[in-house]
Structure formats: structure tokens, C-alpha cells
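Me: Please take a close look at the part where the two chains meet, and walk me through it in plain terms.

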2 protein chains.
Amino acid sequence: MTEIQVISIDGMGGDDGAQMVVAGIERYAKTDPNTRFLVFGDEVVLKPLLAATEHAKARTEIRHAAKSVAMDAKPAQAVRQGKGTSMWGAIEAVKKGEASAVVSAGNTGALMAMAKLILRTMEGIHRPALCASWPTAKGMSAVLDLGADITADAEQLAEFAIMGEAFAKAVHHKENPSIGLLNIGSEDMKGNDTLRYAASLLSNDDLTINYTGFLEGNDISFGGADVIVTDGFTGNVALKTAEGAAGLIAQLLKTYLKGSVFGMLGGMIATPALKRLKDRIDPRRVNGAVFLGLKGIVVKSHGGTDPYGYEQAIRVAVDMGSCHFAEFIEPSLAQLKLVVEATEKKNLSATEAAE
Amino acid sequence: MTEIQVISIDGMGGDDGAQMVVAGIERYAKTDPNTRFLVFGDEVVLKPLLAATEHAKARTEIRHAAKSVAMDAKPAQAVRQGKGTSMWGAIEAVKKGEASAVVSAGNTGALMAMAKLILRTMEGIHRPALCASWPTAKGMSAVLDLGADITADAEQLAEFAIMGEAFAKAVHHKENPSIGLLNIGSEDMKGNDTLRYAASLLSNDDLTINYTGFLEGNDISFGGADVIVTDGFTGNVALKTAEGAAGLIAQLLKTYLKGSVFGMLGGMIATPALKRLKDRIDPRRVNGAVFLGLKGIVVKSHGGTDPYGYEQAIRVAVDMGSCHFAEFIEPSLAQLKLVVEATEKKNLSATEAAE
């Protein structure tokens, strides 16, 4: 990959603002000489930060934006007052074709609303979805939707499957990712009508994706499928609940090891092993959720991440930005359209025959 | 509590069948002389097992049941062919007033369907819900519905809150349990109409429960509320996803500690600390989900549990069986009914005024 790629960056987003963002760019720039950056934000703040970097400064252009979106702004308000903000500028750079993807650690709701307005939804996609990596026993899986919307009908779930497949190929470098639908049982009759209809679309032979059936919550962390498809409400609850459970265990482990002399001693001796565990489930390692389905790649970094986490979000943007997402999913979307039409026609004839 | 209580037991349920069940009764019987048991199942199998116990045999009566429900039977089929099974007999003992609660480690779907048919839903409850304990940073929380049904409307969610409060008082011995509604954000405007309407019912001053607002997935494991209310689809996914994440971390911890000499040595020295963690998140400790909202208490033990886990399920049955559940929730249900009526009337006048 010697193609030069440009990533646009919302320089003012995140809890620690420009400092964390520029340090993240520097970390990434050190590993990849073929990516350039357009950083939007207050140049008075950004200039000295960039000047102090070793690798980033030569490959980064600052675009001054006087305003920034508050982390607690309501999405609708942020959009109305969005012009002139670093977030708006960074998204617009993708719209103009100056950058292949945008990264922001700013206000999630504002980013999604602004990106939807500026970039618009892709042809063949009803609704965008938020997709991220989930550490599993087998490596990584992709899970979507994580909360771009709170509901999804069967056709939208099938579109999520197609977009998630592209994510798994581009970001996780998997050749033929398996796709599962999250449900409360693995038997065919489980769940609601939407899930059963989505399953029938995804298992249709005319749609050439590797759909493997329903899976349950506990299957996610054990790598039951490379791509897990669900609606945004369920996906958001599942992700946060898993984070909570993992956080509690990490906290208890620390407390118990520190709670006794033998615990402390054993913990010290086993430090490298415990560090491997910590690294493996490090939330920074999977930082970078992609807002898929817009005419442009939008990556949301966690607002509270650090330069290492921000570097991972940039990596996701570079992988997605170079995968030619739109052309990539086009054939599957065309197949899906035919499958949906054929199914609806069949259902209609069945209804007419019954009448 | 010197009141003598009788618990009826499905002696043939669970992956290991009667042997595990009787060993579980023996464990429980050792700790509580005031509980008696009616065990339903094949007396040829049960008699020698019971005869070999020390504490259980004197306080247990065997009721012969020639048939048992297969673990993989479809619920509808299990109900049709249910008469004469150990599960049917055990549930019927509650219906007849011979026992205050029933415990089964058998087929979940069959148990719910059979219990619904035999015991019927309580006055004032639209739909029963499955409720269980969830280990948190602060101790235990109650979560419901875990999958008795896949949807719930606002009024049903409010009923779940009232039933969950009773569970938290009886089983977790909490005086004034806080109640939260699971959502994808804690702000008032988050989620769907059902959740917002449920929140308005639960926060009405005329309903005297300790409702504290929306909470997110990550709040569950950190003890954000004593009772977490959600629909059965979301609750089932959340519980299983958390179990999966916890299971993965436990597996990785084991693998990494065993993967190096220092890891093994440190792990050995820290054994007591690691054992405290293991005990704390031991799924057997929270075994025993209650199917709430029927005219009788039905406790579902995990099918794959062991005697220690089964002992916990019996403990839940004893706590719930002695809490006078129906009388306990009656005042709150009456309050809820008035709140719902007043709200509907208000909404109706608002609609008429607008027309």
C-alpha cells in the first residue's frame, strides 16, 4: 500500500482536546509514512503542539476553525450552530474529497447528526450503523449497530450484515468473515418476527455472504461469529454491559491481589502474565467505532482515550478509508435488493392465494 | 423465622438428574432445620439417594412420578404430555397449597409454560417475568425480565419494577431497594416511547417505590441500582453477554498464568486472592431465577449446576416462599393501577383539547 491517503481530524474533540489528539497523530505517523493529515481546530493551540512533534509535523496541515462543539451539546443544537466548528470542517473535508476518512473524539450525538447532514446516507442503505471491534477468545469480532439508531427492521439488519462484513475484511483482515444475528436462543424459531425475517434474507442462497445463524450474548466474547448484527438498542446495552462486567472483574482482581501479602507478592511475580491479560482486554486497543453507511467514512474515537487509543482510531480510519467501502458493498447490496423483492413478491402471492 | 415451610422439588430435572438434586437438598437441609421437601420423581431412583443422606431424609417425602420432561422437549409438547411428569407434580403441589415454592433444574421453556398453565398469572400482573441475582461491585442486584417474554410495554415494565423490588427485599434483604430502567443513556430523552412512558409511571409520586431513573449497561455490574428493569429480550442478551465477557476474562487469566513459569509461580502464591475473585463471580452463587407474577413461586435452577448451586436455588425458593409475595406487592400494584388510569385520562383530555 504505497498509495498516499489523507485523514481529516477534528483537532478539538475529546476530553483532553488537542494535546491528546496531536500526540495520537504523532504515534500513528511514526508507524505509517503514507498517510497525511488535515487537522481542524484553533491554530493558536494546534501550531505549537504540532511543531513539537517529530513525524507528524511534516505530514500535517492545520485548517483553522475558531469554534468547537461542546461535549455536552445536544445534537440538534450542535448541527444548527455547527458551521465553523472543527468537527464540521473535518467532516466537510471528506465530503469535498480532500480526505478519505474523518476521525473525531468529540460529542458522539453531534458527530452522527452532523455527518448524516453533510455526507448523506449511501445509495442502497436505509440507515447508517455504528460498528466497532470486540475482543474475543479468537481475536476480534465486529459488532453493529451499537446505537446509531434504536430500532432496525429486517432489511436494515441485512444491510448491517453487509456493512459489517466489509469492516471485518478491511479492519480485521478476515477473508470470509462469518456473520451471526444476535438473539436470545440459537434455534430457528427464537426471537421476534424481525429477526426471523432478517435470518431468512441473510440465509438466502442468492446473497453471497457467510451467514451462520442466530447466536446468543455469551457467544460474542467467545468469537461465535466474526460479525455480530443487532439493532442499536440491544447492541449498545450488550457492549456497555460487557464493559461493566469486565471492569468489575478487573477491579476485583486488583482489590483482592492488593488485599493480602501473598496476593501482592503473587501479583508482582505474575506481573507479565497479568499485563498480557490487561493488554488483551484493553479498551484502547479496540478504540475507533465507524459510523457506516454514509457517503464517507466517519470514525468516532472514545472521548476519554489517550494517544495510544487515538492512534488505534486513526488506524481504523486508514483501513476503512483505503478499502473502497462503497464499491466493496455494492454487489452484496444489489443481491440483497433482489432477494428482498423476490421475498416480498412471494409473500404477496401467498397472501393472495390465501384470500 | 421458626415457621415450617415446604418446598416442592422436581427431582428429575437438570443435566445430572436426581443425584445432583438430592445432594443439593442435603446441603440446604444441613443449614436450615425449618424447611421440609416434597420431591417428585422416580422413587426407584430417589429412594436410595435420599436414604444415603444425613439431614434431608427425615424431612423429605418422595412423591412418585413415572415420567420426566426431556431437556430438549418443545414447551408446547412438554405441556401437552406434562401430566404425570415430576415437573408437573412439583408445580401442582404449589397450586394445591402443599408447598410454598417449587424448584426445578429442568427444561426452562417447559417449566415456564407448565407453570403458567397450572398456576395462572396473578391478579394485577399482565405477564410474568424471570428475575435473578447479578453480582455487582456493591453486592447483588436483581435483574428482570431475563427472557420470560421478548417484549414489554410501559405498564408491564412498571409491574416488573414492583415485583423486582419484592425480590430484592426478600432475597437480598434490602430495605428500600433502588430501581433503575435499563436504557442506552441516562438522559430523560433517551430510548424509545415505551421506556419514557415507563419512566413517567415509575417516577410518579403516587407510586411509593424508590425509582432512580435510567441507567446504562455498564452501570449494572457497578451496582447502579438494586433492581434493574428491562424487557426479556434485552435482559437475556445483557445477562448472557456479561457471562460471556466474564468467562473470557477468567479463561484468559488462567491461560496467561499457566503460560509462563513466573505466571504459574505468582498464581500459586496468590491462590487465596484468586480464589476470592473466583468465588465472588461464581455463577453458582447466583443460581436460582424466579419466575415472578404467577399464583405461586417458581424457581428455575441452572440445568448444569452442582449441589452447591442447587442449594442456592433452594435458598431463593425459601426466601421468596416466606415473603408472602402476593400480599407484599398488592399495595404497589393498586397504586400503579391508579397512576396508569390517571395518566391515560390526562393524555385523553390533552388529545381532546388538541382536536
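**Where the chains meet**

Reply: Glu216(B) and Lys240(A) form a salt bridge, with their closest N and O atoms 2.3 Å apart. This is a predicted model. Between chain A and chain B the count is two salt bridges. Residue pairs in polar contact, both at pLDDT 80 or more, number eight between chain A and chain B.

On the side of chain A that touches chain B, the elements giving two or more residues are strand S5 (129-136), helix H8 (217-221), helix H9 (232-258), helix H10 (261-269) and helix H11 (271-280) of chain A. H9(A) supplies the largest share of that side, 19 residues. Sorted by class, the side of chain A that touches chain B holds 30 nonpolar, 16 polar and five charged residues.

The contact draws 51 residues from chain A and 51 residues from chain B. About 4,500 Å² is buried between chain A and chain B, and carbon and sulfur atoms give 79% of that area. Within chain A, the residues that lose the most area to chain B are Ile184(A), Phe233(A) and Tyr256(A), which together make up 16% of what that side buries.

The aromatic pairs are a separate matter, and the count over all chains is two. Tyr28(A) and Phe37(A) have ring centres 6.3 Å apart and planes at 85°, so this pair is edge-to-face; an angle over 60 degrees is what counts as such. Tyr28(A) is buried, at a relative accessible area of 3%, and Phe37(A) is buried too, at 2%. The rings of Tyr28(B) and Phe37(B) also have centres 6.3 Å apart and planes at 85°, so that pair is edge-to-face. Tyr28(B) and Phe37(B) are both buried.

Methods. Residues are numbered from 1 along each chain as its sequence is written. Chains are lettered from A and ligands numbered from 1 in the order in which they are written. This is a predicted model: local features need pLDDT of at least 70, side-chain atom pairs count only at pLDDT 80 or more; totals for chains, interfaces and linings use all residues. Side-chain values use heavy atoms; hydrogens and water are left out. Rings of Phe, Tyr and Trp (its six-membered ring) pair if their centres lie within 6.5 Å; planes under 30 degrees apart count as stacked, over 60 as edge-to-face and the rest as tilted. Buried means under 20% relative accessible area, exposed over 50%, partly exposed in between (1.4 Å probe, protein chains only). Contact means heavy atoms within 4.5 Å. Buried area is the accessible area (1.4 Å probe) that two parts lose on being put together, summed over both. A salt bridge is a side-chain nitrogen of Lys or Arg within 4 Å of a carboxyl oxygen of Asp or Glu. A polar contact is a pair of N or O atoms within 3.5 Å; within protein, one must be able to donate a hydrogen and the other to accept it, and residues adjacent in sequence count only if both atoms are side-chain atoms. Helices (H or I, at least four residues) and strands (E, at least two) are DSSP runs, numbered from the N terminus. Ala, Val, Leu, Ile, Met, Phe, Trp, Tyr, Cys and Pro count as nonpolar, Asp, Glu, Lys and Arg as charged, and the others, Gly among them, as polar.
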